[in-house]
Amino acid sequence: MDNSFCFGPSSTEYRMVVSASATSLPTNYGGCHLHGTELYCVSPATGEEVEAKLAGGEASTAATSPSTSPSVSSSSVAVSAQPTSVTGCHLHGSEQFCFAPGGVEYRMVDVDTSNPSALPTVYSGCHSHGSELFCISHTGQEVKAELEGGEGAGGETTTSVSGTTLPEGVSCHFHAGVEHCVDAQGNTVETSCAFVARDYKVPLRIGLVFVILATSALGVFAPVFLAGIPKLQSNGYLMVILKNFGTGVILSTSLVHLFTHATLMFESNCLGGLDYEATTAAIALAGVMLSFLPDYIGTRIVLARTKKLQRQSQDTVTPTTTSHDDSKSGMQSRASATDTPPANLDEESANLAKMKVVIMECGIIFHSLLIGLTLVVAGDSSFKVLFVVILFHQMFEGLALGARIGALKTRMGSKLLMATAFALVTPIGMAIGIGVLNQFNGNNPATIISIGTLDALSAGILLWVGLVELLAHDWLYGELRYTPLRLVMPAAVSLIAGIVLMSFLGKWA
């Protein structure tokens, strides 16, 4: 017998009892498990079981148990390719199945399921006998574990977008750059949180940057230019329909897309669970307040300036003479100065309206930047479908924003600048994504928290804008309050259409 020493978790040193005839020793051992009270690990070179004893003593199990059996390495903890335990055990008919890390489902062979309440929910100490995997129940019995749909490690499986091997029936898709997998029953399946190296079709992504740019520009600039046509003013059929379709899009984006995405982010198993369950709602509420405060302060400022301008107008007195005609003319001039609001008053109202649209655009821009980034880093298997969905998404959001920009009473140059910001922001996000393709890990905790926070914040901003500035402003206090039904009905239909279409896209993006 000869000795080799390796380190387990927490730098615990083990003595590997190897044969003296061994010519070469492995640098790590995996599949560590218990036989009674003795710990054995599997040599990756030969597949043989090697007894592992705590250095300095004969009993290796004093500090270990089937649930804590380590893998050992010559320098650090080795990560075994096979599971060391399976959890979440459940029944399919008369057979028991369990999940390994990464969502891989195993069938536990020859388990008596006549008394379901006595079945273990966890098997530990998983190890190999040749090419077969065995795990240990709470009674110490070895149970063979087969991949669902096949024998041993050769069972029929599928591969997730991130490259994790998944059982048949599990489907995966990307939500804001983070992979989300569900089984056939719709239950969320945990996936690996490690960085996954992928081969991306970079030329395709670079070319589609310009497609997104053209689509975003078409969506946002079209309403701006249409609003400048005299027959298509803001109270005309087309502009009312576009504005209300946009309102529906904004409302759906805030709740179905952004709020849902943020919730999925904060529920990720890679975060290990948050102590505060209402994180998404709290951040969204902060977004609501960030929208409300400048809106309220801006309104107060405009009202104060309006009153000041009105007082100045009333204090303006046209000089009069003793002539009766001149006196009459002076009275008319004074009446005219009182009844006609000064040009500065209209300018203040226009500035307030512009500020409200800028608040809306801020929420959309945060969201669009993330869309561009996370679209590019999506795996190739789902990229094309996701791209088509984002294409429609950008068109609809562009129409929503462009309709509000077009209705502003401000210079055309200012309108075009606001529209250009929206048209460019998603391609900029895509360019950033292309630059970090080989480093981006959507399941990194810092990435999840960052994207989740921005999504939730944008959800709150757009929720305030959609409900207060758009829906309530138009329908309760604006033009649709007294508009004839022949215009109200198309507006209502377009509002619902915007909500439904954007919510439908929420299935994929």
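**Close-up views of a predicted model**

At 76% relative accessibility, aspartate 110 counts as exposed. Exposed means over 50% relative accessible area, buried under 20%, and partly exposed in between (1.4 Å probe, protein chains only). This is a predicted model: local features need pLDDT of at least 70, side-chain atom pairs count only at pLDDT 80 or more, and totals for chains, interfaces and linings use all residues. Residues are numbered from 1 along each chain as its sequence is written, and side-chain values use heavy atoms, with hydrogens and water left out.

**View 1. Aspartate 110 in its loop.** The loop runs between strand E9 (105-108) and strand E10 (124-129). Strands (E, at least two residues) and helices (H or I, at least four) are DSSP runs, numbered from the N terminus. Phi of aspartate 110 is near 55 degrees, a positive value in a residue other than glycine. Most residues other than glycine have a negative phi.

**View 2. Glutamate 51 in strand E5.** The strand covers residues 49-54. Glutamate 51 counts as buried because its relative accessibility is 16%. Which residues does glutamate 51 contact, leaving aside its neighbours within four places in sequence? They are Arg15, Met16, Val17, Glu38, Leu39 and Tyr40. Contact means heavy atoms within 4.5 Å.

**View 3. A nonpolar patch on the surface.** Leu285, Met289, Leu293, Tyr296, Ile297 and Ile301 form this patch. Together they have about 550 Å² of accessible area. Areas come from the Shrake-Rupley method with a 1.4 Å probe; for residues, only the protein chains shown count as cover. Patch residues have over 30% relative accessible area and no salt bridge; nonpolar side chains (Val, Leu, Ile, Met, Phe, Trp, Tyr) are joined within 5 Å, like charges within 9 Å. A salt bridge is a side-chain nitrogen of Lys or Arg within 4 Å of a carboxyl oxygen of Asp or Glu. Leucine 293 lies in helix H3. Leucine 293 is partly exposed, at 40%.

**View 4. A patch of positive charge on the surface.** Arg300, Lys307, Lys308 and Arg311 gather here. Lys and Arg count as positive; His and the chain ends are not counted. The charge is placed at NZ of Lys or CZ of Arg. Lysine 308 sits in helix H3, residues 279-315. Its relative accessible area is 48%, so lysine 308 is partly exposed.

**View 5. The chain as a setting.** Nine helices and 17 strands make up its secondary structure. Of its 509 residues, 46% count as buried. The chain exposes about 25000 Å², with carbon and sulfur atoms supplying 61% of it.
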